[in-house]
Amino acid sequence: MAGLSSGAVQLQPGQPDGHGIDSNLLQKLEEASNAILASPSAEQRHAAEQFLLDFRKTKSPYSICCSLMEQTRNDYVIFQCACTLKEAVLREWAQQSLPNVHSLRDFLMQFVLNRPSLPVYVREEILLTVAVIVKRGTLDTSADNRIHFISQLTKLIHTDNVAVRVIGLSTLSALLTEYGGNGKGTDFGLSWEFHLRCKKIFEDKELLTVLMVLLEALQQLAALNTVPADWETLALIGKLLALAEQIFTWRFSLPLLQKRFLSEVSEARWNSPFRPPSQWRELVIGRGLVIHLFKLYRHVQNHAELAHVCLQCLLQLVSTTGDIFPDHKTHTDFLIPFMAGFLHLTQRNSLAEYEVLGVATLACRLLTVLPRKCLGQVPSDQLQAFLTRACQLTCSYSYLAMHQKAAEEESLYDEGLEQLLQMWTVLWDSRDSFPPAAQLCQSYAPDIFQTYLQSHLATADGTADQAVSSDDMEEIRSEDEDDRERYSAQLCCVGLLGRMVPSHALSQLTRLLCEKISQLQVELKDSAGTQEQMTRLYRLYDDLHWLLLIAGHLLADQSEGEVPVIPPELMDHSISQSQMGVSEVGATQSEMVCSLQLDRMSQPTNDKCDDIVRLVCKVFMLSELERYAVQAQLEPLLSPELSRDIVWFFQRWAGPYLLMQEKHYPQVSLPLTCAFGQGSDSASLAVQTLVNKVVSNFQMWTSEGEVTEDTVQLFLTLTENRDRCLEVVKCEKLWFLAMQQFSEPFVLLAANCRRHLMKAVLFAASAMSSEVSARYWTQTMQPLHDRFQAMVQRRGSGGHDSLREARNLLELLCGVAEASRVDNTSLVFSTIYPRLRDSVSLLDTFHNYPEIVVLVLDAFKETITRQLCYLSQEDSLKLYEVTIQLIRNYARHHGRHGVTIDASAEEDDFNDLMLLLEMLTQLINKDFVDFGSTDNGGAGEPTVAPSDVVFCGLDFVVPLMNAELLKFPSLCLQYFKLVSFLCEVYPDRIPQLPQQLFSNIMASLQLGLSSDYGEDVQKLCLDTLECLAIECVKSGTTVGQAYQALQHFVQVVLDMLVLQPLNPDLLDVLGETFYALICCHQGQYAQLVHQLVGSQTDISTAERLAAAFQRLTPPDVPLNMEKTHRGRFQARLQTFVMDVRSIMTVR
């Protein structure tokens, strides 16, 4: 670029020339800059900042700033001059001629070139000013001018001077930042339409040139055998990689969905796939871009920051999609070099830790984006080599992750291992489209499964570092996150890998379990309790912990909300074993029975036993061994973690296997059916054994909350299924569990555990005959009734014992409520209703104890949630009346003066309000979901309706819900759910509310519409407004508090649509609400449109805005709530929002 001085920057008429500069200005700027950098007193710093801010507002400062930049050696002054020039160019663009602006641009470029020693922050600010000048002139200058400027930058990048090349690349990077439209650029104060037009022009013409420059630079660096390690070269590579990352994350202006446009306007920021146009095909695919990037990575792999950015570029590039690939073959050919690059990248003996996650993610993403049908087009030897290396990495990561865990170090190996394990599940899932995937997975799965297994075992069997004392192990156990949660993703993938090779996985787990059980037997016989023995036991228990976790994830998946079934790979394996004669029914049944009887455990294992059954048998043997040790009073040698793992395994296994439902399978295994199926003696014996285990755990591990909670979950699994429950009721121990609720050890269990235990005990009654069930129910519930009555009679006495008794009784009452099902609704309600009345009275005694208040509300909420829709009209009326008593009692003690919120308050501190809101919301369901009897014997209309209860509660709750309480997310969401539900079900009653209550609700809706409370809350508020507006339109009213309040929200919703940052996911509900409000207040809408159009200073903008509103609501289209008109309005709205926001949104 030609050399320029400040004198070459032409000045506008009336502007002082360079010689008219205040001679003290430079000195004042330098003093202010030094004051800020020296961090003096707050007063001096504030004065300096104010002086610099005033300087930035200087009118036409071009000649002044250029002269100051040339005269000063103070870097911060130069920085301030660059900032001042940038702001002035944007502020005064219309008053400047293009030649002058171009002269300023060239001066700034030449200044940077002449001052190579400028600090990076100063240089980048000057180049950002250059980029702003170029972008601002995009629509005013010809393309030739920009092309010439880009060509000048290209020449800089091709020079031999590294510092000059860095300046060229930095300028291109600044241009991409400004044109990118991703919210990171400078605030121009112009409409979004301007930015979108500039972006489209740039990416159609100049962006391709930038990519070509990038490719040429990559080729030059990739051709070098070695790259100098000096800071200038590293800075050059850093700029090159930053530019590549900007290009690969560019969001092209493709004619996709309209919501994509709206997300651009809202400055949504996320890394979407690289989607270049088809014109880029030759450069992206045909010029070896991937190969060059991998070669560059080899040069920077020892520099953590550069290696990270290079890996991010590769990860983004591998996600390339769109029209650039005309067919699957082209896509596959593009991805194949990634496999070769991956192999070369990982050929070293070890990776640096900063590479671990990126390399693993690259492997996973490569197999994820590769079209399934095209896996066969990858050369088989290359695919084999890629998978072999991925297998080696998976095994290596598994070892290293556990090693660093033992060293208590933060590690990326766990995250990398999850990515690699996920890659194998992706390959396995592609076997329908690519049949060889099954064989490929099966060839690598044994090594991966075996390695993961061994890496988690103690040194004698595996590699895990267990050289810690028993005290240390106990401390680690108590502080560490639960392994089930922490390693959930890994264990699920490892379980699937085991199912790929079930014979190998099952045999290895069975063998190791057998060895560990034998070792445990030996240790338990030697009950010396020495330090050495305790250390051996801790290692042994840790091994059993991991074996049970892996076995549980291998045998079954976690099923929530769906019927648990045996994984098809395991069912097929068992069927195959049976058909080939490897397993036999008799041997399998015999093995199962032996494992359930302690005196027969020593019998040798039958080789003809089914693999799955054999593994389960070993766990039963371990469970019985532990129970035997308890009976032998060897508790000091036992581990609560082991007991917890055992019941967790049984709970996970019992769902799909125990008394399995054959109707869920196209074909079933005969050995599994005979061992675990309905009508099987061994299955009945297994249920009895598990019930005994439940009782044993409650007695042994009473103080271990996690053990007892997992134990009660096992008991719930046994009782909530009718087939298993039929076997449970045959167990003598069931009556013991039911009758001893108020005796030790059950009274010592955690409160939540007692609740779930009561629930499970009552579930069992559903499988009994009516006579036995009535007796069982009476004997189970009578102690609860007696204690409740005694508690109410002692209502005047408080104290610690009374508080504990009340807490325990209410927890059990909640358990009774949770046991409600369709088949026992009447029985449960007749039992719980008197206790609910008593609970209301308890509030008088314990209203100052939040935990008691919460439990009372919880009992009501559970009863209403689980029973109300099944209750008869008579029972429903009873529930309404007692609920109103509860609300009034609660309100009397907690007052209407509001809620005091401390700065340290947490959401759990307001559980009582949360439960009250949930209870009121559930009450509304009765008016449209009612399966109960409606025959009230001619008693007439009920005296209390659900709505009466709800509005009674609403009158108390709404005044409490201030802005501070609404900051708690769950509480806020539940409140707006209640309000929205009320307006949907009772739209006619909301306008009739007392004026103060109605005003509070509308004020809370105004708060909820702000983005501070989240998308879900905004949707609920908009739904509420729509319901109210529709009700006003249908009733035809033009008076009343609802009609008047909605007038304000016409403008609120209009602002959300066209002026405020817009979440595209809200567009549909915004449109529905806006249409209803327009129909309700057509005059207000017309007035707002007139005001908005009239406020535009630019005539062209005003005309375009008026035309957009006319297209949205054409004069000849009626505004009513007919479905056809509403649908057409929604279709017009998206175009309207695009047009108006491009004009009105300013950045």
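The secondary structure of the protein chain in this predicted model comes to 49 helices and zero strands. Of the 1147 residues in the chain, 55% are buried. Among contacts with a separation of 6 or more, 77% are made by residues 24 or more positions apart.

Helix H3, residues 62-71, illustrates a mostly covered element, with eight of its 10 residues buried. The buried positions are Tyr62, Ser63, Ile64, Cys65, Cys66, Ser67, Leu68 and Met69. The cover over these residues includes helix H1 (25-38) and helix H2 (42-56), together with helix H4 (75-91), helix H5 (98-114) and helix H6 (120-136).

The largest pocket holds about 900 Å³ of space. Its lining comprises 38 residues, and those closest to the pocket centre are Gln558, Ser559, Gln651, Arg652 and Thr717. Four helices each supply at least two lining residues: H21 (483-486), H22 (488-500), H28 (640-657) and H31 (705-719). Helix H28 gives the most, with seven residues. By class, the lining is made up of 14 charged, 12 polar and 12 nonpolar residues.

Salt bridges number 45 in the structure. One of them joins the side chains of Arg484 and Asp710, with an N to O distance of 2.5 Å. This pair links distant parts of the chain, Arg484 being in helix H21 and Asp710 in helix H31, 226 residues apart. Helices H21 and H31 are also among the contributors to the lining of the largest pocket. Arg484 has a relative accessible area of 12% and is therefore buried. Asp710 likewise has a relative accessible area of 12% and is buried.

A further salt bridge is formed by the side chains of Lys693 and Glu626, at 2.0 Å from N to O. Lys693 belongs to helix H30 (residues 681-700) and Glu626 to helix H27 (residues 611-631), so that distant parts of the chain, 67 residues apart, are linked. The relative accessibility of Lys693 is 1%, and Lys693 therefore counts as buried. Glu626 is also buried, with a relative accessible area of 3%.

The salt bridge between the side chains of Lys730 and Glu727 has an N to O distance of 3.4 Å. Lys730, at 60% relative accessibility, counts as exposed because the threshold for that class is over 50%. Glu727 counts as buried, its relative accessibility being 13%. Elsewhere, salt bridges with shared partners join eight named residues into one network: Arg755, Glu811, Glu818, Asp858, Lys861, Glu862, Arg866 and Glu918.

A search of the whole structure finds 38 aromatic pairs. In the pair formed by Phe620 and Phe650, the ring centres lie 4.5 Å apart and the planes stand at 35 degrees, so the pair is tilted. Phe620 is in helix H27 and Phe650 in helix H28, so the pair ties together parts that are 30 residues apart in sequence. Both Phe620 and Phe650 are buried.

A second tilted pair consists of Phe1074 and Phe1129, whose ring centres are 6.3 Å apart and whose planes are at 50 degrees. Phe1074 lies in helix H46 (residues 1067-1080) and Phe1129 in helix H49 (residues 1123-1144), so the pair ties together parts that are 55 residues apart in sequence. Phe1074 and Phe1129 are both buried.

Notes. Residues are numbered from 1 along each chain as its sequence is written. This is a predicted model: local features need pLDDT of at least 70, side-chain atom pairs count only at pLDDT 80 or more; totals for chains, interfaces and linings use all residues. Side-chain values use heavy atoms; hydrogens and water are left out. On a 1 Å grid over the protein atoms alone, a cavity is a set of points where a 1.4 Å probe fits but cannot get out, and a pocket is an open set with protein on both sides within 12 Å along at least five of seven lines; lining residues have an atom within 4 Å of a point. Grid points are joined across faces, edges and corners, and a volume is the space filled by probe spheres set on the points. Ala, Val, Leu, Ile, Met, Phe, Trp, Tyr, Cys and Pro count as nonpolar, Asp, Glu, Lys and Arg as charged, and the others, Gly among them, as polar. Buried means under 20% relative accessible area, exposed over 50%, partly exposed in between (1.4 Å probe, protein chains only). Contact means heavy atoms within 4.5 Å. A salt bridge is a side-chain nitrogen of Lys or Arg within 4 Å of a carboxyl oxygen of Asp or Glu. Rings of Phe, Tyr and Trp (its six-membered ring) pair if their centres lie within 6.5 Å; planes under 30 degrees apart count as stacked, over 60 as edge-to-face and the rest as tilted.
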